[in-house]
Amino acid sequence: MTEERPVAIALTDITRRFTAGGTLALDGASLTLRAGEVFGIVGRSGAGKSTLIRTVNLLERPDAGRVEVLGQDMLALDDAGLRAARRGMGMVFQHFNLHSRRTVAENIAFPLEIAGMPRDQRRARVAELLPLVGLEAKRDAYPAQLSGGQQQRVGIARALASGPPILLCDEATSALDPETTRDILALIRDLRDRLDLTVLLITHEMAVVKAICDRVAVMEAGRIIEQGRVFDVFTRPEHPTTRSFVAEVIGLGVPAGSLARLPAPRPGSARRLAQVVFTGPHASRPVVSEASRDFGLDLNIVSGRVDEIAGEPFGIMTLAAYGPAPALEAAFDWMRGLGLTVTELDA
Ligand code: ADP
């Protein structure tokens, strides 16, 4: 993914208040998506994610701000222009929103029917879409005969029926079990690669972001509080809310029992607990033994693991460090100087 691809979606200073005098559902939110990227918006319930994604295709009209999609000023379009622009943006929903009395093929063809495409062309298009989502064998089944994952595959095929360059996913995997979630996320990523889609998704689960997103924005109270490359946000989260999201996926909880078992510091010595994230050129340097030798510390590894985000490896470790307070300070500064992220925890 290069930064040179054209802007696909630009939201600028979007404001939305649902009730006069009520709180702002969106409070000056701005985002820019480049063509071909998978961009995630993560936030707790009520943060404004759904309102923001629905602003892209103007299912919600903002009170103020600019909405540009594929270079078009969405707020300047007339009804016909808006209908045409929406055909360039497929949308996938949490609860699939399928017609129960229509077969898989008929559900997928539905937007094409609305758009006035003749029957034989619709059939041909559906025949192309079914294998794309792995549902050839379910062509004539009804939604009630399908698993949740299969129903969402229908939803995805329907969203892609008119060949849109943009896919909007509104909590697309939130109604699915973890294994099916993995399948559907892999499918979305695969479709992005094969069809060169730009994907904007909203989710309350950081695991979804970790699984498929290139970049992420974190929302709280109608604002975007942090955004960046997924690897950077996971390894160097800045805002406390982002840290708590990241901790749900990669954090190393320190069991109370292991804390209680840590030896107390000797007289004249202090004990500090720190989480160290290893990334970059020094990720595999023997930092623990070097710090222990060069700063005269005792270092106790409380927990640790190596993981991978967006294909890049990183390590995360919780250390209990013992030694004179100035030496502890100097050792943490030295680690930070190597580009490691050191966050002190309450000991
Ligand atoms: P999220 O998708 O992050 O859960 P929403 O965008 O659904 O957040 O909601 C943001 C805020 O706007 C919430 O306080 C919610 O109650 C409010 N809100 C959303 N839709 C409406 C609506 N149609 N009418 C009134 N308030 C709404």
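The model is predicted, so local features need pLDDT of at least 70 and side-chain atom pairs count only at pLDDT 80 or more, while totals for chains, interfaces and linings use all residues. Residues are numbered from 1 along each chain as its sequence is written, and side-chain values use heavy atoms, with hydrogens and water left out.

The protein has a domain 1 (7-249) and a domain 2 (256-345), with bounds from an automatic or database domain assignment. Their C-alpha centres are 40 Å apart. Eight residues of domain 1 are in contact with 10 residues of domain 2, where contact means heavy atoms within 4.5 Å. Between the two domains about 820 Å² is buried, and carbon and sulfur atoms give 59% of that area. Buried area is the accessible area (1.4 Å probe) that two parts lose on being put together, summed over both. On the side of domain 1, Lys210, Phe231 and Thr235 supply 63% of the area buried against domain 2, more than any other three residues.

The shell around the ligand includes Phe18, Ala25, Arg44 and Ser45; a residue belongs there if one of its heavy atoms lies within 4 Å of the ligand. Helix H1 (residues 49-56) gives the largest share of this shell, three residues; helices are DSSP runs (H or I, at least four residues) numbered from the N terminus.

Oxygen atoms of the ligand lie 2.8 Å from a side-chain N or O atom of Lys49 and 2.5 Å from one of Thr51. At Gly46, a backbone N or O atom is 2.7 Å from a ligand oxygen.

Conventions: Polar contact = N/O pair within 3.5 Å; in protein donor to acceptor, adjacent residues only side chain to side chain. Helix = DSSP H or I, 4+ residues; strand = E, 2+ residues; numbered from the N terminus.
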